[in-house]
Amino acid sequence: MNDLHEIRTLLAKPDPSPDVVARRRQQLRTSMGHRTFRRKARWILLPVAAAAVAAGLVIVPGRLGNAPPPVKSARDILLVAATTAARTPEGSGTYWHITVTKNGQQQAQYWYRRDGQSWIKGEGLKGEGKLVKFGRPAPFMIGPLRMTFEELRQLPDDGNALYTRLRTAVADSDLRTSAGPLNDAQKDGATVESLVSLVSEAPVSPEVRAAAYRALAARPGVQDLGDADGGRRLQVPVSDGTDTVVVDPDTAQVRNTSAWVPLTGGIVHTDGNVTIDTEWTDDLAAE
Amino acid sequence: MTTETRGQAGDHELVARFRLDAEEFTTVYDRYFREVYLYAAGRLDTQAGEDIAAETFCLAFRDRDRFDPARGGLRPWLFGIATNLVARHRRKEARHYQALARAGTEPPADSHEGRVVDAVAALHMRPQLARALAALNRGERDVVTLVSLAELTHQEVAEALGVSYGTVGSRLNRARKKIHKMMGHQP
C-alpha cells in the first residue's frame, strides 16, 4: 500500500472558503502596514529580467555624457511620435503579443489575454523555450500603477486629461519610498513612468498612445539628448531622478535599448540592445 | 542557464517582486495560502489551520528580508514557518489523530463510484493509520506530513526543517517502518 498517499487522504481537508481567504488576506495586508515603494531596489530584478519582461520602454542608464547637442526639441519629437501613434492601426486579436529582440535575436515572447492572464516563451525563461502559462490573471502594471484591461481602454485620449487621470491615480495609490510618501515631484515622476509605459508596451488604443506622447511632450523637464541607434534619446524626469528613453518618432516605438519597464512592473536592465514589438494576435505559439 | 522547476522559477520572480515593492508580498499569499492552510488544517483542524496559515504569512512578511533564496525556495521556507507554528499545538495534533482514529469509518466526501473498493479498503486502515501518526515523534511526523500532505520533495523538506537531505530520508524510513508495524504489515 502507498502509506503516504493514505496519510494524505486521511488528513485531507476541504479548501479554505473564499471568505476565509479574503479575510486572512486582509489580515496580512493590515499587518503589512505601511507599504514601501522601494524603487532604489530595482536592480534586484536583474537576475530575473527575462522572466519579468513584458514590453517596452527604454531607459538607458546615464552614460551618455557625449551626446550631441539637440537639433530639435523633445516636444517636437514627441508630437511627431504622437501623430505616428494615432495613425498606426492597432489590429485585433485575442492576445496582446510582445516580442523582445536582443541584439537582433528574438529572445522572449509574451502573450497577454484581456483578463491579464499571460503566457511566456523563451530560452532561459520558465519553460526553457516552451510556451508556459504564467501565473494567474493579474492587473497590468503601468509603471507604478495597476490597471485592468478595461481601465486601460477607458483612459482619456486627450493628453491633458490623461495626465490628470494618471496623476490622480498616483496620488491615490499610497506609493511610498523608504523616506515616506512621495513628494509632488516624485508623484510627477511616477506619472511620467506610467506615461512611458503606455507609449511603449501597454495594450492601449492608438488614440490613448498618442495622448500619452502628447502628455509627455507637455511635461517640463523632458529633454532631447540627440540621435540614438533606432530613435532619439529623451531624458525624462522619473520618481527617483531622470532616465533616458529612446523613442523612434517615425514608428512611435521604443527600440535598441538596454533597459525597459515591463508590464509586470519595475525597470529591467540588460546588457544588450533590446527592441520590443507589440501586436494583437489570435495565436499562441504552437509549442 | 540553470535548470529549475517551474515553481522555483516563478518564485524567483515573486521574491524579486516583493523585494522591489513590499506590497507584492500579497502575491506570495495568493500563491501559497491554500497549500499552507491545507497542510496546517490537515495536521490540526480547520480553525487552527486557518490561524496558523494566516500567521505564517504575517511572520514571513515580517522576516522577508531574512529569506535567502540561496538557501532554499520560498515554498519550503513558508512550510518551515508553518511547521514551527504547528509544533506549538502538539497536544491538539495528538487529539486530532485520536479523533480521526475514532471516526475512521466515515467515508471520504469525495468518494466516487469507481473508487469505492479502494475507499472501503482504505477505510479499514484509517484508525490504525491515525494512531500510527500519533505515535511518531515530532521530527518523523514533520517529515511524513510535509512529504505526504504538503507534497514537498525531500530536498524541500530538508530546507523547510533545516536538516540534511540524508536526515529527511532516514526519518521518513523510520516513520514508515513504525507505521507499517502499527498497521500489521512487515516493513
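User: To start with, is the crossing in which α2(A) passes α2(B) right-handed or left-handed?
Analyst: Please note that this is a predicted model. In it, α2(A) passes α2(B) in a right-handed crossing.

User: Which residues of α2(A) and α2(B) meet?
Analyst: From α2(A), the residues are Val20(A), Val21(A), Arg24(A), Arg25(A), Leu28(A), Arg29(A) and Met32(A). They meet Phe25(B), Thr26(B), Tyr29(B), Asp30(B) and Phe33(B) in α2(B). By class, the contact of α2(A) with α2(B) comprises 7 nonpolar, 1 polar and 4 charged residues.

User: What does α2(B) do with α4(B), in terms of angle and axis distance?
Analyst: Helix α4 of chain B, residues 74-86, packs with α2(B) at an angle of about 35 degrees, and their axes are 10 Å apart. The crossing of these two helices is right-handed. On the α2(B) side the contact is made by Val28(B), Tyr32(B), Glu35(B), Val36(B), Tyr39(B), Ala40(B) and Arg43(B). On the α4(B) side the residues are Leu74(B), Arg75(B), Leu78(B), Phe79(B), Ala82(B), Thr83(B) and Val86(B).

User: And how many of the residues in the contact of α2(B) with α4(B) are nonpolar?
Analyst: There are 10 nonpolar residues in that contact, together with 1 polar and 3 charged.

User: Moving along chain B, at what angle do the axes of α5(B) and α7(B) cross?
Analyst: The axes of α5(B), residues 90-102, and α7(B), residues 138-148, cross at roughly 65 degrees and come within 13 Å. This crossing is left-handed. Arg90(B), Glu93(B) and Tyr97(B) of α5(B) make the contact with Arg138(B), Arg141(B) and Thr145(B) of α7(B). The classes here are 1 nonpolar, 1 polar and 4 charged.

User: Now for pockets: what volume does the largest pocket have, and which residues lie nearest its centre?
Analyst: The volume of the largest pocket is about 1100 Å³. It is lined by 38 residues, and those nearest its centre are Gly135(A), Arg136(A), Thr27(B), Asp30(B) and Arg31(B). Asp30(B) also belongs to the contact between α2(A) and α2(B).

User: Which element gives the most to the lining of the largest pocket?
Analyst: That is α2(B), with 9 residues. The elements giving two or more residues are α2, β4 (132-134) and β5 (140-142) of chain A, together with α1 (6-20) and α2 of chain B. The lining has 14 nonpolar, 8 polar and 16 charged residues.

User: How many cavities of 30 Å³ or more are there in the whole structure?
Analyst: The search finds 4. The second largest cavity has a volume of about 50 Å³. Its lining is made up of Val199(A), Ser200(A), Arg209(A), Ala252(A), Gln253(A), Val254(A), Ile276(A), Asp277(A) and Thr278(A).

User: Where does the largest share of the lining of the second largest cavity come from?
Analyst: β13(A) provides the largest share, 3 residues. Both α7 (184-200) and β13 (268-281) of chain A supply at least two residues each. By class, the lining has 4 nonpolar, 3 polar and 2 charged residues.

Methods:
Residues numbered from 1 in each chain as written. Chains lettered and ligands numbered in written order. Predicted model: local features only at pLDDT ≥ 70, side-chain atom pairs only at ≥ 80, totals over all residues. Heavy atoms only, no water. Left-handed = near helix turned anticlockwise from the far one by under 90°. Helix = DSSP H or I, 4+ residues; strand = E, 2+ residues; numbered from the N terminus. Contact = heavy atoms within 4.5 Å. Nonpolar A, V, L, I, M, F, W, Y, C, P; charged D, E, K, R; others polar. 1 Å grid on protein atoms, 1.4 Å probe; cavity = no way out; pocket = protein on both sides within 12 Å on 5 of 7 lines; lining within 4 Å. Points joined across faces, edges and corners; volume = space filled by probe spheres on them. Axes fitted to C-alpha atoms, helices over the stretch in contact; angles between N-to-C directions.
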